[in-house]
Amino acid sequence: GTLTLTSGQLAIDSSVTVDASAAAPVTISADGNSRVIQVAAGAVVAMNDLVIRDGVAAPQGGGILNFGELTLDRVVVTDNLENSGGTSFDLGGGGIYNGDGATLNLTDSTVSDNATVGQPGGGVYGFFNSTVNVTRSTISGNVGGDVAGGLRTLGDANISNSTISGNTSTAWHGGALFATDGTVTISNSTIVGNNSPGGTAGGLMVATFGAPVSVSITDNVIADNGTYNCQIEGGGAAVLTSLGGNVSTDDSCSLSGDDQNVGPDGALVDALADNGGPTLTHALRAGSPAIDAAVGACPATDQRGVDRPQGAGCDVGSFELVP
């Protein structure tokens with residue numbers, strides 16, 4: 001069913017669990033009149049089997065503005081808009097804005113087709129001192145009116161067994177991710193077909209405006225993201241480290257000896273599609289260099305929940321091709 005908000009956002013100021021599994025999925029729509037949900041600092045909130053959509057708000061978080069600890073499980077955050085206009089580094093977050101000190105856990109969830117007007121972070125924005133954990137989830141089709149189509153982070157982020165696909169940064173680098181400050185880890189994930197202006201990084205942008213930022217990548221497919229899959233700006237305080245096993249369609253991602261530069265279109269991944277499980281994924285084609293090429297410890301399953309072989313040697317990225 002659908003719940004349409006008529007008197008403003010849902011403001012959650014105490015800890016609560018919203019379990020919609022008995023009637024899944026339940027849609028909560030702001031119908032373009034307000035943000036959908038705001039979570040107060042100190043609140044521990046868990047939500048599952050929801051669709052959060054059609055929020056419009058400024059200056060932060062078109063769909064969700066989180067200052068607490070928010071866990072989303074089998075939740076779709078889609079078609080939300082942050083519309084403050086102008087350009088300010090601390091504003092934005094078309095789908096979700098994760099504020100100072102907040103924690104966002106996305107599991108088996110989707111953040112898709114959200115946008116900002118003039119601001120960064122079309123899909124998700126994580127502010128200073130925040131943590132964003134993305135597990136078995138898809139961030140796709142989001143548009144940042146400034147940098148960062150998919151995810152803008154100034155805090156810490158951990159992305160595993162997930163897909164970042166088809167996001168667009170309209171002003172500068174970071175179609176998939178724009179990271180300054182904090183520590184980011186990306187593993188067993190698929191980062192494909194993200195876009196940014198010509199001559200910039202459509203995939204991962206690691207930059208500093210003074211404070212250190214560290215991004216590490218392991219066992220990811222990073223393919224066909226505009227001019228460059230990765231870029232680093234800001235000198236020694238901006239660090240992008242490959243821990244091996246990555247399959248990239250260029251050599252821009254600080255590739256190590258255990259990585260593969262397979263050239264344009266060489267990753268052999270299919271379009272984003274429903275391949276089973278709760279989220280959309282990019283299937284590997286037969287003969288993909290990602291098959292059986294992981295060097296790190298493999299998660300128990302792929303993004304869809306399909307079993308992976310244990311130890312090293314599962315498929316690189318978030319999709320395990322079962323012969």
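## Disulfides and their surroundings

C230 is buried, its relative accessible area being 0%. Buried here means under 20% relative accessible area, exposed over 50%, and partly exposed in between, with a 1.4 Å probe and protein chains only. The model is predicted, so local features need pLDDT of at least 70 and side-chain atom pairs count only at pLDDT 80 or more, while totals for chains, interfaces and linings use all residues. Residues are numbered from 1 along each chain as its sequence is written, and side-chain values use heavy atoms, with hydrogens and water left out.

C253 is likewise buried, at 0% relative accessibility. C230 and C253 form a disulfide, a term that stands for a pair of cysteine sulfur atoms within 2.5 Å. C230 lies in strand β31 (residues 228–233) and C253 in the loop between β33 (247–248) and β34 (260–261), so the link connects parts 23 residues apart in sequence. The torsion about its S-S bond is about 85°, so this disulfide is right-handed.

The structure has 2 disulfides. The other cysteine pair is C298 and C314, and both of these residues are buried. The S-S torsion of C298 and C314 is -95°, which makes the link left-handed. Both C298 and C314 lie in the segment after β36 (281–284), so the bond ties together parts 16 residues apart in sequence. Counting bonded cysteines along the chain, the pattern is 1-2, 3-4.

| Disulfide | S to S distance | Torsion about S-S |
|---|---|---|
| C230 and C253 | 2.0 Å | about 85° |
| C298 and C314 | 2.3 Å | -95° |

## Strands and sheet

The chain contains 0 helices and 36 strands. Helices (H or I, at least four residues) and strands (E, at least two) are DSSP runs, numbered from the N terminus. An open sheet of 9 strands runs in the order β2-β5-β9-β13-β17-β21-β25-β28-β31, and its pairing is parallel. Two strands pair if DSSP finds at least two bridges between them. At the edges stand β2 (10–12) and β31, each with a single partner strand, so one side of each has no neighbour in the sheet. From one strand to the next, the twist averages 10°, based on lines fitted to C-alpha atoms, with angles from 0 to 180 degrees between N-to-C directions.

Within this sheet, β9 (residues 64–66) and β13 (residues 96–98) pair in the parallel sense over 3 bridges. L65 is opposite Y97 in β13.

## Nonpolar cores

A nonpolar core is a set of buried Ala, Val, Leu, Ile, Met, Phe, Trp, Tyr and Cys residues joined through side-chain atoms within 4.5 Å. The largest has 46 residues, of which I52, L72, I186, L204 and V215 touch the most other members. Strand β29 (residues 213–218) supplies the largest share of this core, 3 residues. Leaving aside residues up to four places away in sequence, the contacts of I186 (heavy atoms within 4.5 Å) include I159, L177, L204 and V215. A second, separate core of 15 residues includes V221, A267, A294 and C298.

## Overall dimensions

Of the 323 residues in the chain, 55% are buried. Along the principal axes, the C-alpha atoms fill a box of roughly 55 × 45 × 30 Å. Among contacts between residues at least 6 apart in sequence, 74% join residues at least 24 apart.
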